[in-house]
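Subject: The structure for you to look at

Hi there,

Here is the structure I promised to pass on to you. Please open it beside this email and find each place as you read.

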Amino acid sequence: MAIHERAGQVATQKDLINLPKLMSQYYCFIPNHQQLAEKVSFGTSGHRGCAANKSFNQHHLWAIAQAVVDYRRQVEINGPLFVAFDTHALSHAAFCSVVEVLAANQIDIRVHQNDGFTPTPVISRLIIDANKDGDKLADGLVITPSHNPPQDGGIKYNPPHGGPAEGEITSWIEARANQYLAEQLQGVKKVNYGLALSSGLVTEEDFITPYVEQLEKVIDMQAIAEAGIRIGVDPLGGSGIHYWQPIAERYGLNISLVNEAVDPSFSFMALDKDGKIRMDCSSPYAMAGLLTHQNDFDICVGNDPDYDRHGIVCPGFGLMNPNHFLAVAIDYLLTHRPDWSQDLAIGKTLVSSAMIDRVCQSHNRALMEVPVGFKWFVDGLSEATVAFGGEESAGAAFLQRDGSTWCTDKDGFILALLAAEILAVTGKTPAQRYQELEAEFGTSFYRRIDSPISLKKKAKFAKLDPEKIDIGSLAGDKVTAVLTKAPGNDAAIGGIKVCTDNAWFAARPSGTEALFKLYAESFVDEVHLETVLSEAQQLIDKALKD
């Protein structure tokens, strides 16, 4: 995909969404249940869509909320349901729609006070805390399309373990919600939002303080404070913007927000590589605003709107590749968490860098390689058998300093603060430490290519039979594995991964967008990587044609 000519430039008026039109589309457009693109569809992280395309409208939210209620009753979840929303244009409207259904069904609803925004990891932490001693199990709904463009909407369900729902749960909710859409919402209970608020079922709480007060359990905040690390933060207009000042005040940290704007059109954003507004904290184009401050602070950090992703900017180096920071974070944690058991595994998705494999081998630690999707780390983090789970898309979480569970969803706050801890304790930025890892383990050449894909081809590729893939060598090296299941848990990867001793590629359709993703890595050189990508593309074209 070619880089847009205005990538990295601040959005102009013509790039912004028409907010009144978008809101009208949310309330007025009715999805056609016979059109696949207009149905409820839970990908790797919930249902996402756009009101203009009839894929995220009030009917969807009503149907999904009732389906969640039905699921809770079926499995006897009868405690409070925490509901969060981020700063996207449709998020509060969707929140209201969800509350209308939950209240009509007599659900105990917990929300942040004063209509405040709530990050994904905060909901995970709240659920875990609520379920430690409570007789009634709690769960949660987070209304967010993550880093996606301003016009998009999204909603994801976190069951009592606090992390993303497993596939069997989301499949059940998806099927039930689509049944409600097909039956014109017959059976969906709802009350007016005003009545819901006065029903006594909606309880406002302070979500910020409990989260902030517990951060020292997972991050060495004292070390950061004593080293006087100057931290520059760009919240990218996201749901965590009001958390940074309480964090600074409680722990005596030197934190400065370089951007305090909250705007549902995200007019302050620089355009991403394709010329769209996208709050992707792993993209140097979207993070162009923060990059101008890289030499003003000891470390700079950014997060996406629901704060489950992180971006790390180091002076003189710019934005770190997410794979690079994952490797550094794992290496540091394995040497600076003395209370962690040697038996703990390190989790990574199979499209993350093999540098992580080499780091784990050097520390004699078990590696658990799973399909794309953070849900695969939930059990391990919940049971404290997995120390760290990370994705190449800049999402990760890890255990508390004592080896117990922190959260079971991605937490952008703790990864951002970990970067500051690494600098405070070692005197080296994460970028400097990664250079040392490359000197020890070799240089990684990594690339991901996104391209549009039809729903038909998307479904076809997900059913590929590895035995029918005829490939004996890749870029001149013998193929050592052809995978359609992840080696860490034998779960289907929804695509294919081909490995050699020096390189690998993986190909899979996106779980949330109409995109085909091709990943590749070489430990030889850039030319070798290009050959891997070229041969991979030829193989994919042939597989989709046959």
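Below is what was found in it, one topic after another.

First, some ground rules. This is a predicted model, in which local features need pLDDT of at least 70 and side-chain atom pairs count only at pLDDT 80 or more, while totals for chains, interfaces and linings use all residues. Residues are numbered from 1 along each chain as its sequence is written, and side-chain values use heavy atoms, with hydrogens and water left out.

Let's start with α11 (residues 322–336) and α15 (residues 430–441). Helices here are DSSP runs of H or I with at least four residues, strands are runs of E with at least two, and both are numbered from the N terminus. The axes of α11 and α15 come within 9 Å and cross at roughly 85°. An axis is a line fitted to C-alpha atoms, for helices over the stretch in contact, and angles run from 0 to 180 degrees between N-to-C directions. The two helices are therefore roughly perpendicular to each other; that label covers 65 to 115 degrees, with under 35 called roughly parallel, over 145 roughly antiparallel and the rest oblique.

Which residues of α11 and α15 meet? On the α11 side they are H324, F325, A327, V328 and D331, and on the α15 side P430, R433, Y434 and L437. Contact means heavy atoms within 4.5 Å. By class, this contact of α11 with α15 has 6 nonpolar, 1 polar and 2 charged residues. Ala, Val, Leu, Ile, Met, Phe, Trp, Tyr, Cys and Pro count as nonpolar, Asp, Glu, Lys and Arg as charged, and the others, Gly among them, as polar.

**Two helices with a buried side**

In helix α1 (residues 19–28), L22, Q25 and Y26 are buried. Buried means under 20% relative accessible area, exposed means over 50%, and partly exposed is in between (1.4 Å probe, protein chains only). The arc is that of the directions from the helix axis to the C-beta atoms. P20, K21 and C28 are exposed on the other side of α1. Among the elements that cover the buried residues of α1 are α2 (58–74) and α3 (91–104).

Now try helix α9 (residues 244–251), where the buried residues are W244, I247, A248 and Y251. Seen down the axis of α9, these fall within an arc of 95°, so they line one face of the helix. Q245 and E249 are exposed on the other side of α9. The cover over the buried residues of α9 includes α7 (208–214), α8 (221–227) and α14 (412–426), as well as the strands β8 (230–234), β9 (254–257) and β10 (299–302). After α9 comes G252, with a positive phi near 70°.

**Cysteines**

How many disulfides are there? The count comes to 0, where a disulfide is a pair of cysteine sulfur atoms within 2.5 Å. For C28, the nearest cysteine sulfur is that of C50, 14 Å away. C28 is exposed, with a relative accessible area of 56%. For C314, the nearest cysteine sulfur belongs to C300 and is 8.9 Å away. C314 counts as buried, at 0% relative accessibility.

**Two positive phi values**

E76 is a residue other than glycine with a positive phi, near 60°. You can find E76 in the loop between α2 and β3 (81–85), where E76 is exposed at 65% relative accessible area. L236, also a residue other than glycine, has a positive phi near 50°. L236 lies in the loop between β8 and α9 and counts as buried, at 2% relative accessibility.

**One last residue**

Is D139 buried or exposed? D139, in strand β5 (residues 139–143), counts as buried at 0% relative accessibility. Leaving aside neighbours within four places in sequence, D139 is in contact with residues including R72, I77, F82, I127 and Y157. The C-alpha atoms of D139 and K273 are separated by 36 Å, and the two residues are 134 apart along the chain.

Enjoy exploring!

Best wishes
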